[in-house]
Amino acid sequence: MTGMINGCSQGDRPPIGQVSGSVKIDGEPLSDVIVTFMPENGRPATGLTDKQGKYQLQYLYQVYGCKIGLNKVSIFAPTTGAPSHPIPSKYQEKSELTAEVKAGKNVFDFDLESDAKAKPAPTKKTKEILD
């Protein structure tokens with residue numbers, strides 16, 4: 001009888017895995033950003049990073065986890081407030097980050113690279129050509 005009650009309590013919710021991890025940019029914790037895991041079909045799961053850049057995904061209110069399977073991962077600044085560092089656009093709407101979520105506990109750490117670090121600083125000769 002307990003199994004029936006537990007099985008019924010999940011409703012039509014798909015199987016989910018527990019997901020946590022951290023987000024860094026140029027080796028520094030990226031705080032106050034939204035981490036979104038979007039499956040191919042269905043509802044996304046989101047989490048907000050803390051001061052250490054750590055997050056835990058939430059599928060529904062007070063339901064932690066993410067739909068099992070391949071997920072596209074995006075990292076956004078919240079609509080209110082500001083992240084500790086600017087987030088390059090390549091990690092936002094058009095992100096190519098992915099994560100394969102499995103049953104049980106999953107840890108995904110993301111070490112992002114800022115636009116300033118990705119682009120080499122112009123050399124003196126380059127500056128002369130540009131000027």
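Helices (H or I, at least four residues) and strands (E, at least two) are DSSP runs, numbered from the N terminus. The views below show a predicted model, in which local features need pLDDT of at least 70, side-chain atom pairs count only at pLDDT 80 or more, and totals for chains, interfaces and linings use all residues. Residues are numbered from 1 along each chain as its sequence is written, and side-chain values use heavy atoms, with hydrogens and water left out.

**View 1. Overview of the protein chain.** The protein chain holds three helices and 11 strands. Read from the N terminus, the order of elements is α-β-β-β-β-β-β-β-β-β-β-β-α-α. Of the 131 residues in the chain, 32% are buried. Here buried means under 20% relative accessible area, exposed means over 50%, and partly exposed lies in between (1.4 Å probe, protein chains only).

**View 2. The loop between E9 and E10 contains Glu 93.** Strand E10 covers residues 97–101, and Glu 93 sits in the loop between E9 and E10. Glu 93 counts as exposed because its relative accessibility is 54%. The C-alpha atoms of Glu 93 and Ile 75 are 8.3 Å apart, and these residues are 18 residues apart along the chain.

View 3. Two strands pair if DSSP finds at least two bridges between them. E3 (residues 34–39) and E4 (residues 45–48) pair in the antiparallel sense, over four bridges. Across this pair, Phe 37 stands opposite Ala 45 of E4, and Thr 36 has Thr 46 of E4 as its bridge partner. E3 and E4 form a hairpin with five residues between them, and Gly 42 in the turn has a positive phi of about 110 degrees. E3 is also joined to E9 (residues 69–76) by six bridges, and these two strands run antiparallel. Met 38 stands opposite Lys 72 of E9.

**View 4. The side chains of E4 alternate.** Ala 45 and Gly 47 point to one face of E4 and are buried.

**View 5. Five acidic residues gather in a surface patch of negative charge.** The members are Asp 26, Glu 28, Asp 109, Asp 111 and Glu 113. Patches are made of residues with over 30% relative accessible area and no salt bridge; like charges are joined within 9 Å, nonpolar side chains (Val, Leu, Ile, Met, Phe, Trp, Tyr) within 5 Å. A salt bridge is a side-chain nitrogen of Lys or Arg within 4 Å of a carboxyl oxygen of Asp or Glu. Glu 28 belongs to strand E2 (residues 28–29), and Glu 28 is partly exposed because its relative accessible area is 46%. Asp 26 lies in the loop between E1 (16–25) and E2. With 32% relative accessibility, Asp 26 is also partly exposed.

**View 6. Asp 26 and Gln 62 have positive phi.** Asp 26 is not a glycine, yet has a positive phi of about 55 degrees. Gln 62, likewise a residue other than glycine, has a positive phi near 60 degrees. Gln 62 is in the loop between E6 (58–60) and E7 (63–64), and counts as exposed at 57% relative accessibility.

How values were computed. Areas by Shrake-Rupley, 256 points an atom, 1.4 Å probe, with all protein chains shown as cover. Lys, Arg positive; Asp, Glu negative; His and termini not counted. Charge placed at Lys NZ, Arg CZ, Asp CG, Glu CD.
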